[in-house]
Amino acid sequence: MDDIFKTGCKVLKDEPMAIHTTMGVGGPAEWFVEASTLDQLRALLKYSREKSMPVFFMGWGSNLLISDDGIPGITLRLKGDFQSVAFDGTRVRAGAGVFLPTLVKQCADQGLGGAEPLVGVPGSVGGALVMNAGTRDLEIGNIITTVEVLNQDGNVELLNHNQIDFQYRASSLAGKTVCFATLQLQPQPKDDIIRSIQKFLGHRLETQPVGMMNVGSIFKNPPGNFAAQLVERAGLKGYRIGNAQVSTKHANFIVNLGGAKAQDIRDLITAVQKVVAEKFGVKLETEVKMVGL
Ligand SMILES: Cc1cc2nc3c(=O)[nH]c(=O)nc-3n(C[C@H](O)[C@H](O)[C@H](O)COP(=O)(O)OP(=O)(O)OC[C@H]3O[C@@H](n4cnc5c(N)ncnc54)[C@H](O)[C@@H]3O)c2cc1C
């Protein structure tokens, strides 16, 4: 028996990533591992170091384009204790594995507002922190007080807000092992928070291809511009390679019409970048994280 099973983690061999990503693509993870406690996480990371195995952190898989060839080594997801939520006055401490929309609704139940613009971001707290996920109204970095990361020595390190560099869809937490975060909220009437949540979700229903497999925005907005407008003005709405298509509803989304390959989506991204660069002289940078592509 491989020692990886002795870490106490749930371990699956050659698990298809297509069933764990919102884009519905991705080949097998050599080892797909779920750590539910800090001790399991420590044991797993120790094992990976001893075996010189790469570890890829996965959150909810809502911003990933994983190669059809899959991921070598360990693909790690946080569950169990990392899905806990604890309120303390106007603050909430949440595990990296908590689903962000659920957290926003739990805050609403407590009469705590301020996180509503994040309700439509279908990722984990850990993924949101690494991406500094957000909207025009709020990025998660704006309401973070502290983040707990596991360092190389196996100790939990507490980072204050001012020790973290939050940028547009990026943060200095990338490459770290994010375990927990504390968010600062404000007391508000529950009905107001719920109305606000409905407004944000309603806007998404109107503007995004809800119900189709996608990863949200494919490209970051270039300074002073909007990626969706550039793609639309380039005449690329509906443009298709295989079963990957530039959404007819929102030009900065690519949808998997069913059975698309990661390579089709990769090729479509490249084609869109090329046309936009030729027509407008703008280089579109990807927001989606590509793994093995
Ligand atoms: C329909 C739809 C709408 C979306 N709307 C928005 C939006 O409005 N705003 C926005 O910003 N994004 C949006 N997204 C993109 C996506 O939801 C966010 O980027 C989200 O924060 C990704 O979280 P995740 O848990 O799915 O991370 P993943 O996609 O699984 O991973 C993202 C990155 O985080 C890293 N990571 C994840 N967890 C950890 C951890 N615990 N420790 C260290 N590294 C980790 C991964 O290695 C990877 O580099 C949308 C996606 C979809 C499908």
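Modeller: Two strands count as paired if DSSP finds at least two bridges between them. Please keep in mind throughout that this is a predicted model.

Biologist: Which residue in the hairpin of β6 and β7 takes a positive phi?

Modeller: The hairpin has two residues between its strands. The residue with a positive phi, near 65 degrees, is G89.

Biologist: Which residue of β13 stands opposite R93?

Modeller: Strand β7 also pairs with β13, in the antiparallel sense and over five bridges. In β13, the residue that stands opposite R93 is T182.

Biologist: Over the face of which residue does R93 lie?

Modeller: A charge is taken to sit over a ring when, among other conditions, the CZ atom of Arg is within 6 Å of the ring centre. For R93 the distance from the ring centre is 4.0 Å, and the residue whose face R93 lies over is F180.

Biologist: Are F82 and F180 buried or exposed?

Modeller: A residue counts as buried when its relative accessible area is under 20%. The value for F82 is 0%, and the value for F180 is 8%. F82 is therefore buried, and F180 is likewise buried.

Biologist: How many residues apart in sequence are the parts that the pair of F5 and W31 ties together?

Modeller: F5 and W31 form an edge-to-face pair, with 6.0 Å between the centres and 80 degrees between the planes. F5 lies in the segment before β1, whereas W31 lies in strand β2. The pair therefore ties together parts whose separation in sequence is 26 residues.

Biologist: What span does helix α6 reach from its first C-alpha to its last?

Modeller: Helix α6 covers residues 262–280, which gives 19 residues. At 1.5 Å a residue the expected span is 27 Å, and the model comes close to that, reaching 27 Å.

Biologist: How wide an arc do the buried residues of α6 cover around the axis?

Modeller: The buried residues of α6 are A262, D264, I265, L268, I269, V272 and V276. They lie on the same side of α6, because the arc that they cover is only 160 degrees.

Biologist: Which exposed residues does the face turned away from the buried side of α6 carry?

Modeller: The buried residues of α6 pack against several elements, including α5 and β4. The face turned away from that buried side carries the exposed residues K274 and E278.

Biologist: How far apart in space are V25 and T146, C-alpha to C-alpha?

Modeller: V25 lies in the loop between β1 and β2 and is buried, with a relative accessible area of 2%. Among the residues that V25 touches are A262 and I265. V25 and T146 are 121 residues apart in sequence, and their distance in space is 34 Å.

Terms used
Residues numbered from 1 in each chain as written. Predicted model: local features only at pLDDT ≥ 70, side-chain atom pairs only at ≥ 80, totals over all residues. Heavy atoms only, no water. Phe/Tyr/Trp six-rings, centres within 6.5 Å; stacked < 30°, edge-to-face > 60°. Helix = DSSP H or I, 4+ residues; strand = E, 2+ residues; numbered from the N terminus. Buried < 20%, exposed > 50% of the residue type's maximum accessible area, 1.4 Å probe, protein only. Lys NZ or Arg CZ within 6 Å of the ring centre and 35° of its normal. Expected span 1.5 Å × (residues − 1). Arc of directions from axis to C-beta. Contact = heavy atoms within 4.5 Å. Lists of a residue's contacts leave out its neighbours within four places in sequence.
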